[in-house]
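Here is a brief report on selected local features of one protein chain. Have the viewer open while reading.

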Amino acid sequence: MHYPKGLGTAPRPLIVQLYGRHGTRADRAAAAARDGSERAKDGDAYEAANQKLFVSWPYAPGTRPIANERGHDYPGEKLAGQGFILVSVRANGINASSVSDDENVSACL
């Protein structure tokens, strides 16, 4: 969340952002395997590695989630400086679901 310094009690415009479709887990080995299988044009290996980055939910023990909502820190700080309140939402559970494309967007509504 980003908001103006000296927020006060005056009404402020609110922006809610939901980061787009992306990987949800910080797994360097799976990312490297996916990149290698893509270069090798090995579709099965690519899907297996991609599964580890996207669809595994909840996370395996010891695996860190990607804090994708932090990608909006820069615009959030700029907008807060102009009087806006910005809330950025982490939606890794939706991104890790089996739905994709427009169905993924529908899951957010």
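## Val 16 and strand S1

Val 16 sits in strand S1. The model is predicted. Val 16 has a relative accessible area of 56%. The cut-off for exposed is over 50%, so Val 16 counts as exposed.

## The nonpolar patch

Val 16 belongs to a nonpolar patch on the surface.

Which strand gives the patch its largest share? Strand S1, residues 14-18, supplies three residues.

## Ser 88 in strand S4

Strand S4 spans residues 85-89 and holds Ser 88. Is Ser 88 buried or exposed? Its relative accessibility is 17%. Buried means under 20%, so Ser 88 is buried.

Ser 88 has contacts beyond its sequence neighbours. Leaving out residues up to four places away in sequence, Ser 88 touches Gln 17, Glu 69 and His 72.

Lys 41 is exposed, with a relative accessible area of 75%.

The backbone deserves a look too. Lys 41 has a positive phi of about 60 degrees. Lys 41 is not a glycine. Most residues other than glycine have a negative phi.

Notes:
Residues numbered from 1 in each chain as written. Predicted model: local features only at pLDDT ≥ 70, side-chain atom pairs only at ≥ 80, totals over all residues. Heavy atoms only, no water. Buried < 20%, exposed > 50% of the residue type's maximum accessible area, 1.4 Å probe, protein only. Patch = residues over 30% accessible without salt bridge, like charges linked within 9 Å, V, L, I, M, F, W, Y side chains within 5 Å. Areas by Shrake-Rupley, 256 points an atom, 1.4 Å probe, with all protein chains shown as cover. Salt bridge = Lys/Arg side-chain N within 4 Å of Asp/Glu carboxyl O. Helix = DSSP H or I, 4+ residues; strand = E, 2+ residues; numbered from the N terminus. Contact = heavy atoms within 4.5 Å.
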